[in-house]
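Please consult the sequence and the model shown here.

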Amino acid sequence: MPSDATSTTAAEQDLHKQVITDVARRLRANDLSMTLANLLGVLVSVAALRDAASPGLMWLWLGLQVANAVFHLHLGLTWRQRTLTPGNAPEWLRLTTRTSLINGLLWALGVLIFWPGCSDAQRMMGLIGIMAILGSSLHALHGHLRAYYAITVPCVVGVTVVSFWHGGLGGWGMPAILWAYFLASARFATMLHRMLIETVRKGHQMTALTASLKVEKDRAVNLSQSRSRFLAAASHDLRQPVHALSLFVGALRQNPSKAQSDLILGHVGTAVDNLGAMFNALLDISKLDANLLQPKWQQVDLRPLMARISAEHTVLAQAKGLSLRTNLSDDVGLFVRTDPILLERVLRNLLSNAIRYTVQGRVLIRARVRAGRVELVVADTGCGIAPSRREEAFEEFVQLHDAERDPEQGLGLGLAIVRRLVSLLELRLVLRSRPGRGTVFVLHLPQTLHEADAPSPSVPSAEPSAINQVGLRTGDVVIVIDDNVAIQLAMRTVLSAWGCEVYTAASAQGLMPQLMHLRQAPSLLLCDSRLSDGEDGVTAIAQIREAFNHDVPAILITGDTGPERLREAVASGLPLLHKPVTQAHLQDAIARVIAGDVAPSA
């Protein structure tokens, strides 16, 4: 809330400055005409009232007025060469107020000089002239009331004082008329001022709204185009392993020899792994977009984390004939405050990219301490990135050096995920690259002091638990709810092989007749998050639990990657698995939920 209030206040201040600037521009536009009109009024007054004052005082007043007009013209012409901005507009308004006050005082001096020697007819003409000054000031200065009052009040006060002092036409008649006109003019000037300020404010608000709508429209168009590219790229890349799988299945149906079958199954496994990796990358993007990943801050020792990542990627580098070198600073303080899991994913993506796009040479991962911060460096001698394409490299589905979109090269989401995770971890990422020479990524992390008694952060292993630790006994009843018949059959096959009694259905209502003869609650419930006829998995699980009056262990399985769907699934509090689910991950999740440990979303 404070941030919203601060931003609102700042926006109001900016709007106010813009309004003041517009008012200053309007006053400056009228400045030259006001000066010339004022000088003309002086000359007319001198010509009409020259016999009412001594020549010395008349010429003195005329000289002061001419000098004031020359000064005012010089000031106006000087300011016309400057651009009015929110920074200097208040200064111009202050100058306008001062020059208006000088004009008002000079006219008050003129009243004191000419009024005593005037006839009643001349005084009436003078009164009309003063009222003309009030009228012209109303027209020209209502945008800045201080300037308006600065010129009008001295004139009215001067006439009032000299009228009561010297008398004439009843002594009070002229001041009464002038004050009545002045008060009406002042009220009208205030109304015009409010209308002008509101009109200018509305104009700026409309301009800002139009600009905001244009930005939102451009954003919507870009989002639509991004989604279209997303669907096109995902559809193309995901079809490749599916197409390969269909061909391998066709080959298996031809009853090949044992050796050929083993070879085909190996290719099937590779295609499934590629497909799973693509879905996991899509899921990572969706989780980040849905704000479902939040850092778990803790002190992390970078040495074991980097050693483990380096050891795992060394095999990949050697398979391509590359050298992977790890260089850790001799400094004691390689401790940082971060989320070890999310940081590891950043480093894995950077290392995988470095190895993927390096044909020969080496890849380096290094950590060193500089100026109280830890720098993590991932460098390679690969193809590099052109300066004009560096920002593009962080966009989704962009593979700068894979025009053919080889499915084994992934979906082009690695750096897009890195950018989101770096922002989430509040880190600074620097990219340096030269085409044909290599690329360097530098991560800047805040260094922390090592606490001797601080427990070493544990990073969960990516490997699921062993097969024989499922936690289900032979004969246990397992319910599977999924509106896809093929998935029902696959789940029945797997669970039956573990010795379970399996009941499958497309919905909770369709399952009820099968459960009538059961005398005890099921041991496990596996349910898809989105079922047919608008039914959802959370509701289906609640119905089954209510039917047995027992909190049946349940796992929600989802194939949705939309941010809203993911948020809804996580909000249910149920253990969550994301399709495609391997048998090993399914075993791991079941073991956890049977043991009463609610597994995190996979």
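Helices (H or I, at least four residues) and strands (E, at least two) are DSSP runs, numbered from the N terminus. The model is predicted: local features need pLDDT of at least 70, side-chain atom pairs count only at pLDDT 80 or more, and totals for chains, interfaces and linings use all residues. Residues are numbered from 1 along each chain as its sequence is written, and side-chain values use heavy atoms, with hydrogens and water left out.

**Cavities**

- Three cavities of 30 Å³ or more are present; a cavity is a set of points on a 1 Å grid over the protein atoms alone where a 1.4 Å probe fits but cannot get out.
- The largest cavity has a volume of about 40 Å³, a volume being the space filled by probe spheres set on the points, which are joined across faces, edges and corners.
- Its lining, meaning residues with an atom within 4 Å of a point, includes Asp 31, His 72 and Arg 80.
- The largest share of this lining, five residues, comes from α2.

**Gln 299**

- Gln 299 lies in strand β1 (residues 298–301).

**Glu 535**

- Glu 535 is found in the loop between β10 (524–528) and α13 (537–548).
- At 16% relative accessibility, Glu 535 is likewise buried.
- A polar atom of the Glu 535 side chain lies 3.4 Å from the backbone nitrogen of Ala 508.

Key. 1 Å grid on protein atoms, 1.4 Å probe; cavity = no way out; pocket = protein on both sides within 12 Å on 5 of 7 lines; lining within 4 Å. Buried < 20%, exposed > 50% of the residue type's maximum accessible area, 1.4 Å probe, protein only. Polar contact = N/O pair within 3.5 Å; in protein donor to acceptor, adjacent residues only side chain to side chain.
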